[in-house]
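User: I have a new model to read. Please take me through it feature by feature.

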Amino acid sequence: MIDRLGGFTDGRFFWIEWHFWKVIGWLGNLVFTSRFIIQWIATEKKKRVVVPSAFWWLSLVGTLLLLSYALFGKKDSVFIFAYAFSWIPYIRNLVIHRRHKKAHTACPACANVCAPESNFCSACGAKLPEDSTSAG
Ligand SMILES: [Zn+2]
């Protein structure tokens, strides 16, 4: 079957020879690339540079998919090394993100969620209770 637009042509789709690991690899590319769009949208919304936790989740999932492809599909040491360790900072960032979120204090007067280690509510100015989780 001939398709000049690059459709299904002798087992190829868009000039790519597909098999299971190729699908995993392309899925990894898709997830990995989508994180930049998520980060860009979040930054445009806040008018300052922000990295939402979704960015780190997409980085982690994308890396694991690409690492699987490198290990079992491509079986290439260069690609394996490229994705072998990058998941470590992604997990670390997710842990720090979670801790930071947990460290926020809810104002007892107006229920506004205040930044960690703040003494007064940013919305109503009420004194916040001492943070028992942080030392010193
Ligand atoms: Zn308040």
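User: Which elements have the lowest and the highest mean pLDDT?

Analyst: This is a predicted model, so check confidence before detail; pLDDT is the predictor's confidence in each residue. The protein chain averages 88, and 88% of the residues score at least 70. Strand S1, residues 8-9, has the lowest mean among the elements, at 60. Helix H2, residues 53-74, has the highest, at 96.

User: What span should H2 have, and what do its end C-alpha atoms show?

Analyst: Take 1.5 Å a residue. The 22 residues of H2 should then span 32 Å. The end C-alpha atoms are 30 Å apart, which agrees.

User: Which residues of H2 are buried?

Analyst: Burial here takes 20 or more other C-beta atoms within 10 Å of a residue's own. In H2, Phe55, Trp56, Leu58, Ser59, Gly62 and Thr63 are among the buried residues. Further along, the buried ones include Leu65, Leu66, Leu67, Tyr69 and Ala70. Across the protein chain, buried residues make up 13% of the 136 residues.

User: What do the buried residues of H2 pack against?

Analyst: Look for partner elements. The buried residues of H2 pack against H1 (20-46), H3 (77-84) and H4 (87-102).

User: What follows H2?

Analyst: Check the backbone angles there. Lys75 follows H2, and its phi is positive, near 55 degrees.

User: How many of the contacts between residues at least 6 apart in sequence join residues at least 24 apart?

Analyst: In the protein chain, 35% of those contacts do.

Key
Residues are numbered from 1 along each chain as its sequence is written. This is a predicted model: local features need pLDDT of at least 70, side-chain atom pairs count only at pLDDT 80 or more; totals for chains, interfaces and linings use all residues. pLDDT is the predictor's confidence in each residue, from 0 to 100. Helices (H or I, at least four residues) and strands (E, at least two) are DSSP runs, numbered from the N terminus. The expected span of a helix is 1.5 Å times one less than its number of residues. A residue is buried if 20 or more other C-beta atoms lie within 10 Å of its own, exposed if 12 or fewer, and partly exposed in between; C-beta atoms are placed from the backbone. Two residues are in contact if their C-beta atoms, placed from the backbone, lie within 7 Å.
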